[in-house]
Amino acid sequence: MYIPLRMCAACREHKPKSELIRLKAADGIAVPDTDKVPVGRGVYICKSEACIRLAEKKRAVSRHLKAQPCEGLYRLLEGMI
Ligand SMILES: [Zn+2]
């Protein structure tokens with residue numbers, strides 16, 4: 001069976017989408033993408049505290065999406081693990 005893999009922007013490992021959280025840019029602000037159907041530019045982060053922290057430190061989300069993180073983005077992501 002074909003499992004589509006996506007790269008985590010923090011650790012750069014390729015993983016099944018189910019193990020990742022997708023983020024998108026909405027009006028220049030990076031937010032978690034909770035839509036079922038992914039639209040537009042997105043970035044993925046592992047559902048792990050370590051990767052969320054790493055993404056925050058590396059500003060990986062902002063760089064990939066060319067958007068500012070929304071207020072409390074990383075705390076929000078930690079709540080989605
Ligand atoms: Zn990762």
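Predicted model: local features only at pLDDT ≥ 70, side-chain atom pairs only at ≥ 80, totals over all residues.
Let us take the overall plan next. The protein has three helices and six strands, where helices (H or I, at least four residues) and strands (E, at least two) are DSSP runs numbered from the N terminus. Read from the N terminus on, the elements follow the order β-β-β-β-β-α-α-β-α. The C-alpha atoms fill a box of roughly 40 × 25 × 20 Å along the principal axes. The radius of gyration is 12 Å, which agrees with the value near 12 Å for a compact globule of 81 residues; it is taken over C-alpha atoms, and the globule rule is 2.2 Å times the number of residues to the power 0.38.

Now to the sheet. Four strands form an open sheet with mixed pairing, in the order β5-β3-β4-β6; two strands count as paired if DSSP finds at least two bridges between them. Its edge strands are β5 and β6 (68–69), each of which pairs on one side only. In general, strands of a sheet pair through backbone hydrogen bonds, either parallel or antiparallel. Here, β3 and β5 run antiparallel and are joined by five bridges, with K24 opposite G42 in β5. Antiparallel pairing also links β3 to β4, this time through four bridges, and A26 stands opposite I29 in β4.

Most residues other than glycine have a negative phi, yet D27 is not a glycine. D27 is exposed, with 6 other C-beta atoms within 10 Å. R59, in the loop between α1 and α2, also has a positive phi, of about 50 degrees, without being a glycine. R59 is exposed too, with 12 other C-beta atoms within 10 Å. For reference, a residue is buried if 20 or more other C-beta atoms lie within 10 Å of its own, exposed if 12 or fewer, and partly exposed in between, with C-beta atoms placed from the backbone.

What about the interior? Of the 81 residues, 26% count as buried. The largest nonpolar core has 21 residues, and those with the most contacts inside it are C8, A9, A10, I45, A55 and V61. At least two residues of this core come from each of β3 (20–26), β5 (42–46), α1 (49–58), α2 (60–65) and α3 (73–78). Such a core is a set of buried Ala, Val, Leu, Ile, Met, Phe, Trp, Tyr and Cys residues joined through C-beta atoms within 7 Å. Leaving aside residues up to four places away in sequence, A10 touches I45, C46, C51, L54, A55, K58 and A60; a contact means that the two C-beta atoms, placed from the backbone, lie within 7 Å. Among contacts between residues at least 6 apart in sequence, 59% join residues at least 24 apart.

Notes
Residues numbered from 1 in each chain as written.
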